[in-house]
Amino acid sequence: MKNILTYIEIKDGAPIKLSLEALSKASEIAIEKGNKSLALITEELKDDELNKLRGAGASDIVVVKRDAYNMEDFSNIIVEVARKYDCEDIFIPGTLDGKDLAPNVAASLDTVSLTNVMDIKFEGEDIIFVTPSYGATVLTESKINKAPRIIVVRAGSFDKRDDLKGAGNLVEENIEEVKDLKAIIRDVVTSAAAEINLEDAPVIVTCGRGASSDEIFPLVKELADVFGAPISGTRPVIDDGVLPKASQIGQSGKIVSPALYIGCGVSGAVQHISGMENSGFILAINKDEDAPIFNLSDVGIVGDCKVILPLLIEEVKKIKANA
């Protein structure tokens, strides 16, 4: 029986949201086909975090302990586990590390990887993978006949499930660590501005060029602080040095799917839209009534951020005070 393997990326002792989204979809397919859904982790997790993997449908949780991430070593772990457990599909979250691992895993297994998978459909016995092109203005459908298939999942494309009730049996594997490394990561330094992981944030406040002035940006920051949310930016804001590169959302930045997205002075260029279109609820503020962002938003406010943001901040404070 062929199985499905999902590599679980872990941050601060917990599976990241995108890993759980990928595992949930892998488990749905495994249930559909009568296969096992395996979750691969590289460090021990607390029981409540393991239960998240079980809720996302993991039949078995394979543990290969490592002290630190290294692409070559982690690629080898995925390859060895996939071979041992006869996996026909390998799901990898589409993070920076995931996009680093996938082609290396594919090369080792003499197969191909498909990046930015945003939908998976069945046509009889065939599985069709949907990926975006040209800023998500064109969708490509692909069928991969050669197994194992390496599927790199786009953030926000699939639901994070907690009701699939996988057995989640813990299985520890000892895989020899790759020693002949071409690169060794000694330390990872995170800037203060990137302390909140955009991909996992339930609320994101985004600053567009229309709100990046010295007069308005402090209001954007205050709104984010009221929500306890991170600030992201469009590419022009990043290029102007208002926010660091790690805060960029869009085609050349991060792909996010928060429950609430608030765009301040965001015009809605297709390059940015492709990074946040799967948000649960989109609130847009822009003084240009023809701004493309309004075509996507659930609520659009036509007005100057300098006027609107203080009112919004005050209302949010009132609601939180009475909660």
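At 45% relative accessibility, Lys143 counts as partly exposed. The model is predicted, and in it Lys143 forms a salt bridge with Asp126, with 3.4 Å between the closest N and O atoms. This pair links distant parts of the chain, since Lys143 lies in the loop between S10 and S11 whereas Asp126 belongs to strand S9 (residues 126-133), 17 residues apart.

**Salt bridges**

- Asp126, the partner of Lys143, has a relative accessible area of 31% and is therefore partly exposed.
- A search of the whole structure finds 24 salt bridges.
- Another of these joins the side chains of Lys146 and Asp110, at 3.3 Å from N to O. The pair links distant parts of the chain: Lys146 is in the loop between strand S10 (138-142) and strand S11 (149-153), Asp110 is in the loop between helix H4 (96-108) and strand S7 (113-117), and the two are 36 residues apart.
- Lys146 has a relative accessibility of 43% and so counts as partly exposed, while Asp110, at 55%, counts as exposed.
- Glu315 and Lys318 form a salt bridge whose closest N and O atoms are 3.7 Å apart. Both residues lie in helix H8 (residues 305-322), where they are three residues apart, about one turn of the helix.
- Glu315 is partly exposed, at a relative accessible area of 41%, and Lys318 is also partly exposed, at 43%.
- A network of salt bridges links Lys25, Glu28, Arg161 and Asp163.

**The sheet of S8, S9 and S10**

- Three strands make up an open sheet, in the order S8-S9-S10, with antiparallel pairing. Its edge strands are strand S8 (119-123) and S10, each of which pairs on one side only.
- From one strand to the next, the twist averages 30 degrees.
- S9 and S10 run antiparallel and are joined by five bridges. Val130 stands opposite Glu141 in S10.
- Helix H1 (residues 17-33) lies across S8 and S9, and runs at about 10 degrees to S8.

**Aromatic rings**

- A pair of aromatic rings is described by the distance of the centres and the angle of the planes.
- Two aromatic pairs are found in a search of the whole structure. One of them is formed by Tyr7 and Phe74, an edge-to-face pair with 6.4 Å centre to centre and 80 degrees between the planes.
- Tyr7 in strand S1 (residues 3-7) and Phe74 in helix H3 (residues 71-84) are 67 residues apart, so their pairing links distant parts of the chain.
- Tyr7 has a relative accessibility of 3% and counts as buried; Phe74, at 4%, also counts as buried.
- The rings of Tyr69 and Phe74 have centres 4.9 Å apart and planes at 70 degrees, so this pair is edge-to-face. Tyr69 and Phe74 are both buried.
- Through ring pairs, Tyr7, Tyr69 and Phe74 are linked into a cluster.

**The buried strand S15**

- Strand S15 (residues 260-264) is largely enclosed by the rest of the structure, because five of its five residues are buried.
- In a regular strand the side chains alternate between the two faces of the sheet.
- Leu260, Ile262 and Cys264 point one way from S15, whereas Tyr261 and Gly263 point the other way; all are buried.
- Strand S13 (residues 203-207) runs parallel to S15, and five bridges join the two. Thr206 stands opposite Gly263 in S15.
- Five bridges also join S15 to strand S16 (residues 281-286), and this pairing is parallel. Cys264 stands opposite Ile285 in S16.

Methods:
Residues numbered from 1 in each chain as written. Heavy atoms only, no water. Salt bridge = Lys/Arg side-chain N within 4 Å of Asp/Glu carboxyl O. Helix = DSSP H or I, 4+ residues; strand = E, 2+ residues; numbered from the N terminus. Buried < 20%, exposed > 50% of the residue type's maximum accessible area, 1.4 Å probe, protein only. Pairing = 2+ DSSP bridges. Axes fitted to C-alpha atoms, helices over the stretch in contact; angles between N-to-C directions. Contact = heavy atoms within 4.5 Å. Phe/Tyr/Trp six-rings, centres within 6.5 Å; stacked < 30°, edge-to-face > 60°.
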